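Subject: Structure handover

Hello,

Here is the structure we talked about. Please open it first, then read the notes below.

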Amino acid sequence: AKAQGRGTCCYFSADMQNEAEDRLRLEQDLRQALTLKQFRLDYQPLVSAADQSLVGFEALIRWHHPTRGMVSPAEFIPLAEETGLIMQLGDWVIEEACRAAAVWPDFISVALNLSARQLILPALPNTVSEALARYKLKANRLELEVTESVFLGDSEGSLDVLKRLRALGVGIALDDFGTGYSSLGYLNKAVFHKLKIDGSFVREAANNRETVAIIQSIVSLAKSFRMTVTAEGVETADDFTRMRDLGVHQIQGYLFGRPMSFERATDLVHGVQTK
Ligand code: C2E
Ligand code: CA
Ligand code: CA
Ligand code: CA
């Protein structure tokens, strides 16, 4: 049996029941995963477009599930958001990313992802400033990445939290730029220091002149707001050259490194060639 469209309900098929049970089990596992220390952060390098030197890392969460293996954040982050677990999990990410940043030299920034739900919390700026203090980190070592979805719900409240975070001196990046409910209005809020162009644009630019033109205007717009522009999902040397020549400042993608363990990231910082 096939699920009917919205509003034409329907009955509960066996497939749907299995799916629901599976989800429930995953949700229960997720609740325990923090205590059981099943999460870790991997770090993906960001390089300067000008000379390909390492400028920072983006922290990306990983869940090593005892029987399912690696569960993708694309799968469990939405679940964590719906159940409210994202609050605790988000605090853990902040703590862990600061701990890593404290080990690395000052010229290495560390970016972490925030869910829209975390920005509803008025306590978030406090959490961040306490973590910075605990690890004796300058605020500019840390970047927080948010997507345009933060402006969907309580956008006034979220904007206020973002402004307070910005006032601490941490960077705020607008992630996945171009994929959302775009968007130019958000740029004018004076909270973002960086735009991250989504990887789908970067790859599409290889075959599509209109996409190149879009990226071109994103870059010039960002520059007029004095924002840094990062291109994500750069996989080939051609992608790299194209983005660099379009004026993108920083590059992230498999070409320069997949997300890697803290240990390997530390080796990379120290110039050790790892495969
Ligand atoms: P994102 O923030 O847009 O992260 C970029 C995603 O693109 C990552 O997927 C990364 O592994 C992948 N990627 C990087 N370079 C390339 C490339 O060259 N080609 C391709 N095809 N992909 C590339 P990942 O790690 O699976 O994360 C997926 C999403 O999960 C992230 O998208 C982010 O929205 C979310 N996420 C990850 N970690 C966290 C976290 O700690 N907290 C929150 N709230 N969300 C997180
Ligand atoms: Ca991100
Ligand atoms: Ca992104
Ligand atoms: Ca994304």
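A donor here is an N, O or S atom within 3.2 Å of the metal when that metal is Ca. Keep in mind that the model is predicted. Water is not among the atoms, so sites may look incomplete.

**Calcium sites**

Start with the calcium ion (ligand 3). D175 bridges the calcium ion (ligand 3) and the calcium ion (ligand 2), and the two ions lie 3.9 Å apart. D175 sits in strand β6, while E232 sits in the loop between β8 (228-231) and α9 (237-245), so the pair ties together parts that are 57 residues apart in sequence. D175 is buried, with a relative accessible area of 6%. E232 is buried too, at 12%.

Distant parts of the chain are linked here: E145 is in strand β5 (residues 142-146) and D175 in strand β6 (residues 171-177), 30 residues apart. Both E145 and D175 are buried.

**Aromatic rings**

The structure holds 11 aromatic pairs. One of them joins Y43 and F57 edge-to-face, 6.4 Å centre to centre, with 80° between the planes. Y43 belongs to strand β1 (residues 39-48) and F57 to strand β2 (residues 54-65), so this pair ties together parts that are 14 residues apart in sequence. Y43 is buried, with a relative accessible area of 1%. F57 also counts as buried, at 1% relative accessibility.

W104 lies in the loop between α3 (86-103) and β4 (109-113), and F57 in strand β2, so the pair ties together parts that are 47 residues apart in sequence. W104 is buried, as is F57.

Two more items. Ring pairs link F39, W63, F76 and W92 into a cluster. R258 lies over the face of Y254, 3.8 Å from the ring centre.

Best wishes

Key:
Residues are numbered from 1 along each chain as its sequence is written. Chains are lettered from A and ligands numbered from 1 in the order in which they are written. This is a predicted model: local features need pLDDT of at least 70, side-chain atom pairs count only at pLDDT 80 or more; totals for chains, interfaces and linings use all residues. Side-chain values use heavy atoms; hydrogens and water are left out. Helices (H or I, at least four residues) and strands (E, at least two) are DSSP runs, numbered from the N terminus. Buried means under 20% relative accessible area, exposed over 50%, partly exposed in between (1.4 Å probe, protein chains only). Donors are N, O and S atoms within 2.8 Å of the metal (3.2 Å for Na, K and Ca); water is not among the atoms, so sites may look incomplete. Rings of Phe, Tyr and Trp (its six-membered ring) pair if their centres lie within 6.5 Å; planes under 30 degrees apart count as stacked, over 60 as edge-to-face and the rest as tilted. A charge sits over a ring if NZ of Lys or CZ of Arg is within 6 Å of the ring centre and within 35 degrees of the ring normal.
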